[in-house]
There are 2 protein chains.
Amino acid sequence: MERSRAEPVAVSGVRADQREQATAGPRPNALDRWLFGQLTSRLDPSRVRVVLWDEPEPETTDGLPVVVRMGDRKALRRVILHPNLYFGDLYSSGRITVKGDLLTAVSEGYRYTAQKPSLIEKFLRGRKLPTPDLADSRRNIHHHYDLGNDFYELWLDREALQYTCAYYADPAMTIEQAQQAKMHHVCRKMRLKADETVAEAGSGWGGFAIFMAKNYGAKVRSFNISKQQVAYAREWAKREQVDDKVEFVEDDFRNIAGKYDVFVSIGMLEHAGAGNYKDLGSLIDRVITPNGRGLIHSIGRDRPEPLNAWINKRIFPGAYPPTLREMMDIFEANGLSVLDAENIRLHYAETLRAWLARFEENVDTVRTMFDEAFVRAWRLYLVGSIGAFLAGKLQLFQVLYARSGANDIPWTRAHIYEHGD
Amino acid sequence: MERSRAEPVAVSGVRADQREQATAGPRPNALDRWLFGQLTSRLDPSRVRVVLWDEPEPETTDGLPVVVRMGDRKALRRVILHPNLYFGDLYSSGRITVKGDLLTAVSEGYRYTAQKPSLIEKFLRGRKLPTPDLADSRRNIHHHYDLGNDFYELWLDREALQYTCAYYADPAMTIEQAQQAKMHHVCRKMRLKADETVAEAGSGWGGFAIFMAKNYGAKVRSFNISKQQVAYAREWAKREQVDDKVEFVEDDFRNIAGKYDVFVSIGMLEHAGAGNYKDLGSLIDRVITPNGRGLIHSIGRDRPEPLNAWINKRIFPGAYPPTLREMMDIFEANGLSVLDAENIRLHYAETLRAWLARFEENVDTVRTMFDEAFVRAWRLYLVGSIGAFLAGKLQLFQVLYARSGANDIPWTRAHIYEHGD
């Protein structure tokens, strides 16, 4: 089934912004007006209209233009100074509000920041960045992996708890079906067979390891440093009666020993650090059998760029999406050969839409578990990620590899597509 | 259809070596014997046995071991000094002869040269390389692209004269079917549609340009600097009655002007020079439409390495097979996004086997057109290339790209595999 998307999707699930307008501090002065002019001169006024804290609500037709309100002078100055960093915090704390489709606002924001910085930005960027308000930070986001299994269960797929890009073999799939399809897609690419041994780097909650054991009869050792996730995964494997086939190891995957037919990693490379790819490849070389092979599934880039500053600060500290060129550090120096690289970035936009819809369905529960600032931050993170994948700022690469010169490799890729699911 | 090859194929088409043993010069002395020991100590004696010019024919069983005879002292010394360069010349001129399967000898040779150089090689390699005998050179190979269409028609596929890797969608295909399948594979990956405009860099004899016009209704401008090939291609397009749809331009593709839906190149990148990839990408960026896309099909490597010295000297001067990392120079700096990269190196081994079989069927004609040294050189080139693809010393990459952020891209790759041919 083929499908292409010329237009960004509307995120209908996002609720209208219900916040009261924050009109803190003095009325805009001449400098504020001039800065405001700098900001708005590069936005498409038919799509996004920015207003200052003393301005009345503008008229809109069918939700356009989306209205972005600067709540106070500091908010305006910070968002001009470093939009990638401060928009997120100011939106989360409610000092910037958005009326209308958040994805439209975010997409215009990407267009804005992708342009050359204005003179004022160049000038301001030369100055030391102000430390974000402690109040902003505290009210904001708890650390990503301390959020508890309950939270993720609210909005991830209910069958395999996959916190990585799904594969919509058919665009009409539910998120549950698409995550199952993703795992089949990966196993088929690797031609995983019964009784083969698998090392997995990064277990998440154990969904993929259990899937490989249940559906392909594989024997899996899966590595994870999160105590909480490992406990969850072990319990789950027991319930699924595959605890004789799946072992969850609470350890860094760099401590892997033994030999495996397959080394696979889904959504771990983003956290490994580009400087460590060569060592990762050397580890793969050390632990796979002569006919060993595997797949690395990772968010990536078309060209090198640091992660969005706000995402880096608040959501995924230290994460880095590599380019294909950077990923080659894993393979090139370590006697590995790339057989197949697939870019399925639009599937991640789709995955995120499904997550966002579930998130909004359960937003009252989330608010009770955390607070409104968390809700706003998480919404922005999900919507912002949809925008990034749709705009091609982020990619999703699946790279299949084997040993260089190994000839027990698939003759073509047709076998991946011979199944209905 | 899936197929894997754990074992190198035997090249049954290669004729037994009929040459008289060349016993030139003095009998082996102590130094010769010692050098000989250096050479043979790293070969598997059950597969390849090297003998000196004064030794009798060794016993063989079922063609093993293959017997490689050094015809004289100079041949021995040169092949130790720089086997990659001199084996080819010495084999071509008959001063080294091979009894038994040439592919076995070549594969053992790859294993030999992949090992660490011995002390004697390190010592000898510090010295200035002797210029190859003029006699050797002259008796040897005419320049690759001056060989005439008649010669290539003897052994390439008879339908599309493709001098690039075929795609054996089904391993039972003939070379004609596999070349048609290759061209379909490329067009399907690119989702080529009727009336779309295509720029092709490197026409060969025009087979692919004519194929795109006939089978997909595309309008093609194809660039080639070979006068002879362009004349051939124009004539052919006229015969096929697609000369209104295909234009062959006798010019460097770097002079392309205009806008095209597709920019495609099959087997040209190897000759472009790695330093020019960034400019190639910039040219692609300049000439494709906003929804433009294309495919680069090229011989490649798992890790950077210069081309085999003899191939570089005698067969493809200046050619360079890039790594995937090096190919990224085309895309990364130029706003292009890699959608799909496929490595089909085993299909090139199969393609070369088919070419070799045809070559051997027509070897008497080839000998009449050229001479015995040419026949031997060309045979070694074909067999050596089979060995290189089987050993994973060479790869074959097809890289599909579009503009970064363009969303009119295939939703999955299933559409490539929905056809019978």
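Analyst: B:Arg191 sits in the loop between helix H8 (175-190) and strand S4 (197-201) of chain B. Keep in mind that this is a predicted model.

User: What makes B:Arg191 count as partly exposed?

Analyst: B:Arg191 has 19 C-beta neighbours inside 10 Å. Buried takes 20 or more and exposed takes 12 or fewer, so with 19 B:Arg191 lands in between and gets called partly exposed.

User: And how do you know that A:Asp62 counts as exposed?

Analyst: Same test: A:Asp62 has 5 C-beta neighbours inside 10 Å. The limit for exposed is 12 or fewer, so A:Asp62 passes. A:Asp62 is in the loop between S1 and S2 of chain A.

User: Which peptide bond in chain A is cis, and how do you know?

Analyst: The one from A:Leu64 to A:Pro65, with omega near -5°. A:Pro65 lies in the loop between strand S1 (48-51) and strand S2 (66-70) of chain A. Chain B has a cis bond joining B:Leu64 and B:Pro65, with omega about -5°, and B:Pro65 lies in the loop between strand S1 (48-51) and strand S2 (66-70) of chain B.

User: Why are the two copies said to be related as by a two-fold rotation axis?

Analyst: Chain A can be laid on chain B by a turn of 180° with a shift of 0.0 Å along the axis, and the RMSD is 0.0 Å. The copies are thus related as by a two-fold rotation axis. The same surface serves both: 100% of the contact residues of chain A recur in chain B.

User: How many residues of chain A are in contact with chain B?

Analyst: 39 residues of chain A, against 39 residues of chain B. Helix H13 (324-332) and strand S9 (336-343) of chain A each supply at least two residues of that side, and S9(A) gives the most, with 7 residues. By class, the side of chain A that touches chain B divides into 17 nonpolar, 11 polar and 11 charged residues.

User: What makes S9(A) and strand S9 of chain B a pair?

Analyst: Pairing needs at least two bridges, and here 3 bridges join S9(A) to strand S9 (residues 336-343) of chain B, so they qualify. The two run antiparallel.

User: Where are the domains of chain A, by the assignment?

Analyst: Domain 1 is 30-140 and domain 2 is 149-417. The contact takes 17 residues from each of these domains of chain A. On the domain 1 side, helix H3 (83-92) and helix H4 (102-114) of chain A give two or more residues each, with the largest share, 7 residues, from H3(A). The C-alpha centres of domain 1 and domain 2 of chain A lie 34 Å apart.

User: Which residues touch the most other members of the largest nonpolar core?

Analyst: A:Met212 and B:Met212, out of the 241 residues in that core. Leaving aside neighbours within four places in sequence, A:Met212 is in contact with A:Cys187, A:Leu192, A:Val198, A:Ala218 and A:Val220. In soluble globular proteins, nonpolar side chains tend to be buried together.

How values were computed. Residues numbered from 1 in each chain as written. Chains lettered and ligands numbered in written order. Predicted model: local features only at pLDDT ≥ 70, side-chain atom pairs only at ≥ 80, totals over all residues. Core = buried A, V, L, I, M, F, W, Y, C linked by C-beta atoms within 7 Å. Contact = placed C-beta atoms within 7 Å. Least-squares fit on C-alpha atoms with pLDDT ≥ 70 in both. Domains from an automatic or database assignment. Helix = DSSP H or I, 4+ residues; strand = E, 2+ residues; numbered from the N terminus. Nonpolar A, V, L, I, M, F, W, Y, C, P; charged D, E, K, R; others polar.
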